[in-house]
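Please examine the helix packing and the charged side-chain pairs in the structure shown below. The report that follows treats these two topics in turn.

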Amino acid sequence: DMDWRHGAALDRITATTDNLQSDLEWLTGERMIEQAIQLARRGEEPETIAAEAGLDLDEARALARLRRH
């Protein structure tokens, strides 16, 4: 009986941890995009945007191009 309760508690903890990890990943991604947009607005080169915001170079180039329009 105790093992069943421990298993159920562990399942709830695992689900909560998974949800928190998902939320954190989403927030981190949003922050990276915001930072990249700010760098592009300042006129930084795509290589700088990629390095500082943690994006790949193609994503940084796309942001830099959009900033011009």
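The model is predicted, so local features need pLDDT of at least 70 and side-chain atom pairs count only at pLDDT 80 or more, whereas totals for chains, interfaces and linings use all residues. Residues are numbered from 1 along each chain as its sequence is written, and side-chain values use heavy atoms, with hydrogens and water left out.

**Helix packing**

Helix H1 spans residues 2-41 and helix H3 spans residues 57-67; the two pack at an angle of about 50 degrees, with their axes 9 Å apart. This angle makes H1 oblique to H3; angles under 35 degrees count as roughly parallel, over 145 as roughly antiparallel, 65 to 115 as roughly perpendicular and the rest as oblique. Axes are lines fitted to C-alpha atoms, for helices over the stretch in contact, and angles run from 0 to 180 degrees between N-to-C directions. Helices are DSSP runs (H or I, at least four residues), numbered from the N terminus.

The crossing of H1 past H3 is right-handed (the near helix is turned clockwise from the far one by less than a right angle). H1 contributes Ala-36, Ile-37, Ala-40 and Arg-41 to the contact, and H3 contributes Leu-63, Ala-64 and Arg-67 (contact means heavy atoms within 4.5 Å). By class, five nonpolar, no polar and two charged residues make up the contact of H1 with H3; Ala, Leu and Ile are among the residues that count as nonpolar, and Arg among the charged ones.

**Salt bridges**

Side chains of opposite charge can pair when their charged atoms come close. A salt bridge is a side-chain nitrogen of Lys or Arg within 4 Å of a carboxyl oxygen of Asp or Glu, and by this rule the count comes to three.

| Pair | Closest N and O atoms |
|---|---|
| Glu-34 and Arg-31 | 4.0 Å |
| Glu-44 and Arg-42 | 3.8 Å |
| Arg-61 and Asp-58 | 3.5 Å |

Glu-34 and Arg-31 lie three residues apart in helix H1, which means that about one helical turn separates them. Likewise, Arg-61 and Asp-58 are three residues apart in helix H3 and thus separated by about one helical turn.

Relative accessible area describes the setting of each partner (buried under 20%, exposed over 50%, partly exposed in between, with a 1.4 Å probe and protein chains only). Glu-44 is partly exposed at 28%, whereas Arg-42 is exposed at 57%. Arg-61 is partly exposed at 33%, while Asp-58 is exposed at 55%.
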